[in-house]
Amino acid sequence: MPTTLGQNQYGKAETRVVRITRDGATHHIKDLNVSVSLSGDLADVHHFGDNAHVLPTDTMKNTVYAFARERGIESAEAFGIELARHFVAGQEPIHQARVRIEEYGWERIGTGDGEARETGHSFVRTGQETRVTQVTYDGERWQVISGLTDLTVLNSTNSEFSGFARDRYTTLQEAHDRILATDVSARWRYGWTGGDEPAPDWDESYRQAKKHLLQAFAETYSLSLQQTLHQMGARVIDSRDEIDEIRFALPNKHHFPVDLEPFGIENVTADGAVYLAADRPYGLIEATVLRDGTEPRIPLDLTHL
């Protein structure tokens with residue numbers, strides 16, 4: 001039966017690179033997980049096993065290490081742009097490069113003697129979130145999608161869920177004061193596509209986008225997680241001109257008051273309560289918020305982005 005080769009790509013996934021920059025006794029660390037994927041004129045390798053257009057994935061790994069040493073890592077986005085440009089410009093059969101990067105944060109460990117001071121060379125992994133970016137380049141235009149995963153947030157009040165639809169299987173009771181908690185997974189797309197337009201300050205843009213979505217989470221009286229999601233996205237779009245689109249996947253991390261009546265204990269009172277933090281099943285709320293006049297381009301499924 002005749003067949004046709006469809007979309008295809010290949011690359012080196014999850015190259016871990018740690019770059020230490022020494023400024024005298026003060027050191028700086030960049031810790032990345034880099035995945036490179038190339039596509040283009042690659043039909044012959046699939047049909048005939050002809051490797052003439054196939055740059056080895058081992059070469060991609062080596063390039064990541066060499067670029068980290070020779071060019072440094074200013075930001076995850078800037079590093080991804082350097083790599084994508086190199087592979088498209090350096091290999092004629094390659095028409096598009098996609099570089100995905102996860103960045104793991106570190107902060108300095110302070111000493112405890114006398115006044116609190118930071119050491120120049122000791123670090124602890126920050127436990128809040130993983131920064132991510134995806135850079136795609138086709139030789140003419142850039143697309144940069146950045147964001148974060150596993151940013152755990154919680155409001156202990158100012159959240160409710162009531163007035164919802166019901167059917168014969170509905171047992172959930174309305175909640176007029178509940179815990180709202182989620183692990184934020186967010187991706188935002190920059191309007192920058194290259195050319196003469198200057199690139200954004202990637203690190204500052206990341207810090208500000210994270211700040212605004214956190215502030216929106218904290219400041220919104222939530223009638224639903226959907227409403228909170230929209231407020232977070234709108235706050236980022238309204239505050240950051242360089243960002244045109246943001247997509248969220250927010251699991252609703254349910255907290256249920258524990259029934260302590262069998263022990264003669266009243267649990268939920270004005271001075272607090274004890275909750276069961278359930279890990280699964282959970283509600284999953286997903287949506288995209290766009291700047292007016294723009295088209296959605298972030299994939300709907302953030303699992304592999």
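Tutor: Residues are numbered from 1 along each chain as its sequence is written. This is a predicted model, where local features need pLDDT of at least 70, side-chain atom pairs count only at pLDDT 80 or more, and totals for chains, interfaces and linings use all residues, while side-chain values use heavy atoms, with hydrogens and water left out.

Student: How many helices and strands does the protein chain have, and what makes a run of residues count as one?

Tutor: The protein chain has 5 helices and 10 strands. Helices are DSSP runs of H or I with at least four residues, strands are runs of E with at least two, and both are numbered from the N terminus.

Student: Why is L148 called buried?

Tutor: Buried means under 20% relative accessible area, exposed means over 50%, and partly exposed lies in between (1.4 Å probe, protein chains only). L148 has 0% relative accessibility, so L148 counts as buried. L148 sits in strand β5 (residues 142-155), and its contacts beyond four places in sequence include V132, W188, Y206 and L213. Contact here means heavy atoms within 4.5 Å. Buried residues make up 41% of the 305 residues in the protein chain.

Student: What makes the link between S146 and E77 a polar contact?

Tutor: A polar contact is a pair of N or O atoms within 3.5 Å; within protein, one must be able to donate a hydrogen and the other to accept it, and residues adjacent in sequence count only if both atoms are side-chain atoms. The side chains of S146 and E77 make such a contact at 2.6 Å, and those of S146 and T133 are joined by another of 2.9 Å. S146 is also in strand β5 and, at 0% relative accessibility, counts as buried.

Student: How do you know that the length of helix α3 agrees with its number of residues?

Tutor: The expected span of a helix is 1.5 Å times one less than its number of residues. For the 15 residues of α3 (residues 76-90) that gives 21 Å, and the end C-alpha atoms are 21 Å apart, so the two agree. Among the buried residues of α3 are E77, F79, L83 and F87.

Student: Why is the pair E82 and R71 called a salt bridge?

Tutor: A salt bridge is a side-chain nitrogen of Lys or Arg within 4 Å of a carboxyl oxygen of Asp or Glu. The closest N and O atoms of E82 and R71 are 2.8 Å apart, and the pair forms a salt bridge. E82 is in helix α3, and R71 is in the loop between α2 (57-70) and α3, 11 residues apart. With 29% relative accessibility E82 counts as partly exposed, and so does R71 with 49%. The structure holds 15 salt bridges, and K30, E77, E103, R131 and D203 are linked in a network of them.

Student: What makes R235 and E219 a link between separate parts of the sequence?

Tutor: Their side chains meet in a salt bridge (3.1 Å, N to O). R235 lies in helix α5 (residues 225-239) and E219 in helix α4, so the pair ties together parts 16 residues apart in sequence. R235 is partly exposed at 23% relative accessibility, whereas E219 is exposed at 57%.

Student: Which residues form a nonpolar patch on the surface?

Tutor: F256, V258, V274 and L276 form it, with about 330 Å² of accessible area together. Patches are made of residues with over 30% relative accessible area and no salt bridge; like charges are joined within 9 Å and nonpolar side chains (Val, Leu, Ile, Met, Phe, Trp, Tyr) within 5 Å. Accessible areas come from the Shrake-Rupley method with a 1.4 Å probe, and for residues only the protein chains shown count as cover. V258 is partly exposed, with a relative accessible area of 31%.
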